[in-house]
Amino acid sequence: MIYRLLLQREAKKFARFETDLINAVDEVLAISSRDAAIMRGLAPEAAISVLNPMIDVDALRAGEATRPEPRSLVSLGNMAWPPNRNGVLWFCREIWPSVAEKFPDSKFYIVGKNAPDEVRRLESKRIIVTGYGEDERTWVRRGHLFVVPLLEGSGVRMKILTALAL
């Protein structure tokens, strides 16, 4: 009960902080219609536009052409961001055991910097926690499947657009 009250108080403070920031600038560019609607609710008079996501397909296509590693799954994201971390943990707990049982030669690559201990502890012969990947194209191309186990968060999933472009 007390914890919930503290969270509500912090949420109100943060909403005031965001409202002040929105009102302090000439224009705000939101990354999704949902985010724009939330900001308009905080500051109805503010100039808020939605920025359409852009992917440089030509830049993504440049580089080494590689064949996917058979039966490999790749997930990409900064593991310090709770939705990425929680999604990978959920995937390994709820989905991976079925995949691993049906495809004993499969591998799951978790690519992303700042992997906390709970993600690093997942590492095994078939779950590879790579850490930071210098070139995301290499990892996305390596995967037979690109996995985005996000159960929370908002905004545009640029990693999905990137994977589709590749």
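These legends go with a set of close-up views of a predicted model.

Residues count from 1 along each chain as its sequence is written, and side-chain values use heavy atoms, with hydrogens and water left out. Because this is a predicted model, local features need pLDDT of at least 70 and side-chain atom pairs count only at pLDDT 80 or more, while totals for chains, interfaces and linings use all residues.

**Figure 1. The whole chain, for orientation.** The protein chain has seven helices and six strands; helices (H or I, at least four residues) and strands (E, at least two) are DSSP runs, numbered from the N terminus. Going along the sequence, the pattern is α-β-α-β-α-β-α-β-α-β-α-β-α. The C-alpha trace spans about 55 × 50 × 25 Å along its principal axes. Of the 166 residues, 34% are buried (buried is under 20% relative accessible area, exposed is over 50%, partly exposed is in between, with a 1.4 Å probe and protein chains only).

**Figure 2. A look into the largest nonpolar core.** This core holds 16 residues, and Leu73, Trp96, Phe108, Ile110 and Val119 have the most contacts inside it. A nonpolar core here is a set of buried Ala, Val, Leu, Ile, Met, Phe, Trp, Tyr and Cys residues joined through side-chain atoms within 4.5 Å. Helix H4 (82-102), strand S4 (107-111) and strand S5 (127-131) each put in at least two residues, with H4 giving the most, at seven. Zoom in on Ile110 and you'll find contacts (heavy atoms within 4.5 Å) with residues including Val88, Cys92, Val119, Leu122 and Val129, leaving aside neighbours within four places in sequence.

**Figure 3. Ser72, tucked into strand S3.** Ser72 belongs to S3, residues 69-76, and is buried, at a relative accessible area of 0%. A polar atom of the Ser72 side chain sits 3.1 Å from the backbone oxygen of Arg142. Beyond residues up to four places away in sequence, Ser72 also touches Lys107, Tyr109, Gly143, His144 and Leu145, as well as Arg142 itself.

Figure 4. In H2 (residues 33-42), the buried residues are Asp35, Ala36 and Met39. Looking down the axis, they fall within an arc of 100°, so they line one face of the helix; the arc is that of the directions from the helix axis to the C-beta atoms. Their cover includes helix H1 (2-24), strand S1 (28-30) and strand S2 (48-50). On the face turned away from the buried side sit the exposed residues Ser33, Arg34 and Gly41.

Figure 5. The structure has four aromatic pairs. The ring centres of Phe14 and Phe17 are 5.9 Å apart and their planes meet at 40°, so the pair is tilted. For reference, rings of Phe, Tyr and Trp (its six-membered ring) pair if their centres lie within 6.5 Å; planes under 30 degrees apart count as stacked, over 60 as edge-to-face and the rest as tilted. Being three residues apart in H1, these two are separated by about one helical turn. Phe14 is partly exposed at 46% relative accessibility, and Phe17 is partly exposed at 46%.

**Figure 6. Phe91 and Phe108, with Trp96 alongside in the cluster.** Phe91 and Phe108 make a tilted pair, 4.8 Å centre to centre with 50° between the planes. The pair ties together distant parts of the chain, with Phe91 in H4 and Phe108 in S4, 17 residues apart. Phe91 is buried at 6% relative accessibility, and Phe108 is buried at 0% relative accessible area. Together, Phe91, Trp96 and Phe108 form one aromatic cluster.

Notes: Polar contact = N/O pair within 3.5 Å; in protein donor to acceptor, adjacent residues only side chain to side chain.
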